[in-house]
Amino acid sequence: MGRWVVTLLLLLVFIAYAKPFLGGEAYYMWDVGRAAEEGSLPVFITPDLAGVRHEVYLGEKLWVVVQIRNAYSPCPFSIEIVDVDTDATVASRSATLNVCGGSMLGGMYYTLVIPEFGITEPVVEGKKYKIVARVGSEWGATTFTERHAPPAKISSITVFEGGRAATQLKQGQKYEVRVKVRNNGEADGKYTAVLYLDGVKTNETQVMVLARREGEAALRFTANATGQKLNITVAVFGVILQDAQSLLVDVIYPQPKFVAESPPEIMAKVGEAVEVKARLKNLGDTCRVAGVTYAASPPADVDISMTGGTVAPGGYLDLSLKIAPREAGVGHLTLSINCAQTTDKVEIPLRIYAKLTVKAADHRGGAPPVRITINGREVNEISLPGGQVEVEAEREKVLGNLRYVFDKWSDGSAENPRTLNLRTNTELVALYKVQYYVKVDAPGARVEGWYDAGTTLNLPIQREIASGDTRKVFTGWSGAGCPSAGAITVIGPVDCVAQYRDEYRVVVEDPQGRFGGTFWIPMGATFTSDIPLTYEATPDTRLKLADVEGCRWSRRGTSAVIEVSGPARCIIKWTKEFKITINDGLGVYRDISLWVGEGKVLALGSGDVFSVGNDSVALPATQTRDSVRYVLAGWQCGGEQLPTTAQMTIKSAIQCTAQWVKEYPVTTAVYLDGREVARSPTTWLREGQLIEKDSTREAPPPGPLSIVEFDKWEVNGKEIKNKTLKMWVDAPLSIYAYYHTNNLPLYLLIGAVAGGATAAFLIFTRRKKGETTVVRGSKTVEIEPIKEDSDTKVRETRG
């Protein structure tokens with residue numbers, strides 16, 4: 001008993017390993033008594049051990065049976081499935097069986113049963129396979145065909161109206177199609193019968209047919225034929241199509257029914273009228289034609305004329321049609337035939353073409369060489385029966401430095417590609433922008449790319465690129481299509497490079513702001529600048545060049561020349577000189593001008609002669625003109641009084657005027673008894689100096705027995721009787737004192753003196769503007785020095 005258990009476990013392992021083409025658990029049973037088909041071992045497929053199958057249908061579960069008649073144990077066992085067409089093994093398994101043979105009770109042999117054998121998708125209809133089993137040295141095989149379902153055939157198709165077969169159908173009536181189906185397979189089959197009327201699925205039903213038997217299916221329908229005959233087709237399916245058959249049956253109309261025999265289709269073009277002959281056949285009852293009207297889609301204007309008025313069954317109605325299409329499209333011309341009590345309609349296919357023209361233009365009016373397609377074809381003009389049309393224009397076309405770029409269509413649409421609903425003759429123009437390749441290379445203004453023709457580009461050109469004491473100066477462009485200024489209008493390809501000149505900087509600093517400045521000099525060139533050695537900044541101020549720091553310079557004539565050949569900073573150093581004007585105060589010398597440096601000391605003085613140095617002036621101490629002597633008394637400089645000899649530090653321009661004191665010559669002589677007895681040297685007295693002379697002091701010495709008596713004064717020829725003379729000097733003076741000798745005894749003199757006391761000389765002096773007045777008795781004498789032709793006049797006033 002234990003031996004059988006071990007054997008069964010081994011078989012179970014084998015069967016589990018043998019999937020997927022075998023299923024279930026294998027087991028032993030008695031010999032079923034089958035003969036071998038091939039080899040010595042009986043191998044067969046069966047659904048129930050009672051019958052043998054050579055066809056396997058999708059979805060079935062069958063048994064594979066192997067009868068083992070080898071008497072030796074243990075033994076090798078294998079089973080495989082082989083493709084009959086290619087002899088290729090598609091699956092195989094092997095094992096060792098402990099129970100391989102020997103007879104069972106009753107002398108029967110062991111039979112190995114493998115249940116739940118079947119096929120799965122994909123199924124190749126009619127494909128043949130062979131199952132080969134080997135046990136020990138024996139083998140056996142069986143062949144099967146895989147199918148979706150048991151094969152079936154249609155035996156007959158019959159149309160019934162009620163209980164009678166119908167050979168002619170009436171429009172609108174109900175009918176039944178009866179189909180006989182024969183199952184030619186090895187198993188019962190379930191099939192689907194499908195009814196098609198003029199190719200349109202109308203009905204379906206299912207029918208069960210026993211193996212090797214015939215069954216029947218019924219399909220109902222209503223006759224609604226679209227033509228003169230009705231195509232009735234029945235197809236039988238068993239997972240896949242098994243068979244199909246058709247009938248062509250006449251359909252009869254109970255009222256007048258027209259069909260168009262010609263033309264099969266009307267074709268025309270929008271904008272062009274076309275004449276067409278139409279022939280209509282009456283498939284129904286007699287029609288007494290009262291008139292024909294129309295409806296056209298797409299829209300068209302149609303003129304209709306006809307021949308004949310009564311059309312018998314099978315007869316013809318001939319029409320002359322003049323068609324003027326308004327819009328393109330595909331539709332029908334519907335003709336309505338009025339037949340007394342009824343109206344029948346006939347539709348003739350109508351195909352109206354519209355012309356679509358496409359071309360390209362640029363904004364300048366040119367024709368770009370671009371590609372334009374209509375429905376994928378590169379054409380410029382096409383006639384189409386309306387509907388949706390796709391138009392596409394090449395988006396861009398590059399020709400070197402010239403480019404055409406699609407902008408929009410002439411109707412304003414920018415969609416590309418675009419779909420048109422073509423209804424009328426249409427012309428579309430693809431508008432292109434003309435672009436040129438622009439390349440401008442300049443510091444800070446690099447531009448490169450495609451630009452529309454006519455575009456103005458503002459180029460922020462750096463006119464100067466400074467770097468410390470050097471710079472680059474824009475001088476222009478080199479290349480093609482270059483601008484003349486800072487903007488460029490694109491009218492063609494542009495390839496420009498900015499040109500620059502290298503310069504160095506020379507800074508000349510002038511504290512006075514007159515000769516300074518910043519100068520940019522081309523590299524390799526020498527900078528020169530002329531500066532005066534001296535110049536008058538103002539009428540009273542002069543600047544004198546002291547040095548030019550930081551730069552080489554030289555004197556050339558009255559100028560200093562700066563010369564440098566590279567970056568430099570030149571600082572001009574000036575010394576300031578002020579104009580000193582000397583006025584001699586007498587007009588003897590013209591005004592004397594000299595320039596004295598700021599901070600220098602000017603020396604003013606006197607000497608024997610006039611002299612002028614760089615920073616000194618000396619005038620003669622005295623000068624005599626027209627009997628007048630002038631004595632230098634000091635200087636008046638800018639409101640400041642200075643002594644005769646002085647030094648002053650120059651801080652600004654100034655005028656110095658010499659200050660003089662006038663001196664007049666005064667000559668004194670004494671006359672006694674008409675004879676000059678004494679004369680003093682000529683004395684120079686300052687103008688305005690008071691002269692006082694007393695006759696007693698001036699009197700000459702008398703003789704021993706005489707006295708000297710005063711007679712008069714004579715001043716510049718004018719007599720003055722006063723004994724005391726007082727006067728201010730304002731002109732040259734000649735003063736003479738006149739005396740006489742009196743020889744009377746002393747007593748007479750004393751008496752004369754005493755007598756004179758009674759007369760009481762009253763002398764008083766009044767000074768008014770240099771006047772001296774002498775009054776004696778009742779007579780007043782005014783002496784007024786008056787400068788008139790160098791003479792002194794005496795004016796007498798009597799009162």
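Because the model is predicted, local features need pLDDT of at least 70 and side-chain atom pairs count only at pLDDT 80 or more, while totals for chains, interfaces and linings use all residues; side-chain values use heavy atoms, with hydrogens and water left out.

**Stop 1: aromatic pairs**

Searching the whole structure turns up 16 aromatic pairs. Rings of Phe, Tyr and Trp (its six-membered ring) pair if their centres lie within 6.5 Å; planes under 30 degrees apart are stacked, over 60 edge-to-face, and the rest tilted.

Select F406 and Y432 to see an edge-to-face pair, with 5.8 Å from centre to centre and 80° between the planes. F406 belongs to strand β33 (residues 402-409) and Y432 to strand β35 (residues 426-441), so the pair ties together parts that are 26 residues apart in sequence. Strands here are DSSP runs (E, at least two residues), numbered from the N terminus. Both F406 and Y432 are buried, a word that means under 20% relative accessible area (1.4 Å probe, protein chains only), with exposed over 50% and partly exposed in between.

Now select F710 and Y739, which are also edge-to-face: 5.5 Å centre to centre and 70° between the planes. This pair links distant parts of the chain, as F710 is in strand β60 (residues 707-715) and Y739 in strand β63 (residues 733-742), 29 residues apart.

For a group of rings, pick F117, Y129 and F144, which form one aromatic cluster.

**Stop 2: charges over rings**

A charge sits over a ring if NZ of Lys or CZ of Arg is within 6 Å of the ring centre and within 35 degrees of the ring normal. Select R279 and Y316: the charged end of R279 is over the ring of Y316, 4.6 Å from its centre. Then try K712, which lies over the face of Y738 at 5.0 Å from the ring centre.

**Stop 3: an open sheet**

Finish by showing three strands as a cartoon: they form an open sheet in the order β43-β47-β46, with antiparallel pairing. Two strands pair if DSSP finds at least two bridges between them. Which strands are at the edges? They are β43 (527-532) and β46 (552-556), each pairing on one side only. Five bridges join β46 to β47 (residues 559-564). Last, select R552, which stands opposite E563 in β47.

Definitions and conventions:
Residues are numbered from 1 along each chain as its sequence is written. Helices (H or I, at least four residues) and strands (E, at least two) are DSSP runs, numbered from the N terminus.
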